[in-house]
Amino acid sequence: MLLDGERLEGVVLEDARTLRFELPTGLAPGWHDVAVETPLGGRAELTRAYFASTQPLASLGMTAGWGGDRVGGGEETRLVVAVENAGGTRARALRPELRIEGQVDVKAEPAPLDLEPGASGEFAWTLGAVAPGSVNLRVDLRGEEESSGVVLESPPVETVLRVRERTELSATLEVSPRVANVGQQVRVTLHVDNAGTEPLRNVVPSAPVLEGVGGLSLGSGGPLPAKADVPPGEGRDFVWSAVASRAGEVVVQGGAGGTDDFTGNAVFARKARAEPVTVRLPGRLVPAFTLVPASVKVGETFDVDLEVLNPGDSTVLGVTLEQGSVSGSSSASCQVGLVSGPAPTSVDIPGQGRVVFRARLVAQARGTCVLHVGARGVDQTEGTSVVAPAVASPSVTINR
């Protein structure tokens with residue numbers, strides 16, 4: 001047996017296919033030719049059969065990692081393969097090959113790279129999940145050892161991407177009642193639904209955002225509950241207590257977010273918008289006498305008008321006059337009697353509206369009299385009683 005034409009000593013025939021020999025010391029780096037001669041004069045030559053190097057040749061190893069190995073349909077993730085050159089020579093033109101069993105879209109692929117001795121690098125793919133199921137992936141790596149030009153390969157790495165139906169969180173927002181008086185309690189409810197196949201953990205609503213000239217004051221305690229898990233196919237309510245604080249129209253917006261139990265990814269609901277809420281000034285009654293004669297004679301009939309104003313926004317229903325009274329302002333006892341009225345007997349007064357009640361009286365005894373009348377109704381928005389205390393009229397002198 002000859003190495004570069006020089007006969008080698010101590011050659012041993014291991015078997016029909018194997019020769020064992022010792023290399024001479026001081027062998028020059030680079031490629032060397034080998035020739036084998038048979039006892040019968042046959043000869044076989046193999047050029048560039050052995051490469052000698054003062055450094056261990058490049059040696060590759062790979063490990064695979066994920067940006068997330070569990071995703072929902074339509075979502076993206078990254079497969080990252082770390083490669084290391086543990087040898088003492090340069091590895092060049094390293095090209096990975098990704099083999100896929102299953103449905104996944106390759107959105108982006110890595111470029112080839114070179115690795116110096118002892119260096120490491122990464123190959124990354126952006127993958128889009130297509131359909132539920134498991135996707136098996138294998139990465140093979142080939143390159144070239146720079147000194148010898150021999151092909152380098154790394155043991156392949158295999159990994160699995162698990163895909164489920166994409167979890168969707170939706171939200172609706174409702175404010176009740178939709179018409180409220182300033183100072184009235186209001187309930188804000190955010191309802192969230194999990195339309196996916198996996199649980200959503202720690203779903204937390206965002207703080208409601210208010211738009212418009214009207215105002216609501218939300219309670220400082222936040223919603224109840226503060227957070228909740230939402231099983232697949234179910235929903236949860238988050239409720240704030242509020243008080244209508246400023247007249248005008250107001251729109252409430254809000255959303256929620258949680259964690260997909262399967263992927264660990266954050267899931268957010270699109271911001272929900274409630275129907276506009278109208279905040280009104282509560283209904284109020286302000287009575288005032290507008291027609292009272294200064295003097296009449298005993299036995300004479302006369303008309304008295306009482307105007308009732310509603311300076312609020314809410315209609316006051318069923319407004320009636322309270323039982324009137326008469327007080328005298330002199331030592332003589334004045335007396336008046338009711339002939340007819342008051343008319344109308346009961347009336348609704350809209351916001352910013354007014355109504356005049358008229359009664360016909362008869363003077364019965366001399367003196368100076370003052371009439372006292374109030375009003376009462378029910379606020380249409382809240383259903384609460386609205387009461388106006390009795391007001392005094394200008395004095396009426398009754399003569400003989």
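Which residues of the largest nonpolar core touch the most other members? Before I answer, two remarks on the source. This is a predicted model, in which local features need pLDDT of at least 70, side-chain atom pairs count only at pLDDT 80 or more, and totals for chains, interfaces and linings use all residues. Residues are numbered from 1 along each chain as its sequence is written, and side-chain values use heavy atoms, with hydrogens and water left out.

The residues in question are Leu169, Val175, Leu190, Val192, Val203 and Leu216, out of 27 in that core. By nonpolar core I mean buried Ala, Val, Leu, Ile, Met, Phe, Trp, Tyr and Cys residues joined through side-chain atoms within 4.5 Å; buried is under 20% relative accessible area with a 1.4 Å probe, protein chains only. Among the strands (DSSP E runs of at least two residues, numbered from the N terminus) that each supply at least two core residues are S16 (169-176), S18 (185-194) and S23 (235-246).

Consider Val203. Beyond its neighbours within four places in sequence, its contacts include Leu169, Val192, Val230 and Phe238, where contact means heavy atoms within 4.5 Å.

I turn now to Thr315, which sits in the loop between S31 and strand S32 (316-321). Why does Thr315 count as buried? Because its relative accessibility is 16%. Residues up to four places away in sequence aside, Thr315 touches Asn310, Asp348, Ile349, Pro350, Gly351, Val378, Asp379 and Gln380.

Key:
Buried means under 20% relative accessible area, exposed over 50%, partly exposed in between (1.4 Å probe, protein chains only). Helices (H or I, at least four residues) and strands (E, at least two) are DSSP runs, numbered from the N terminus.
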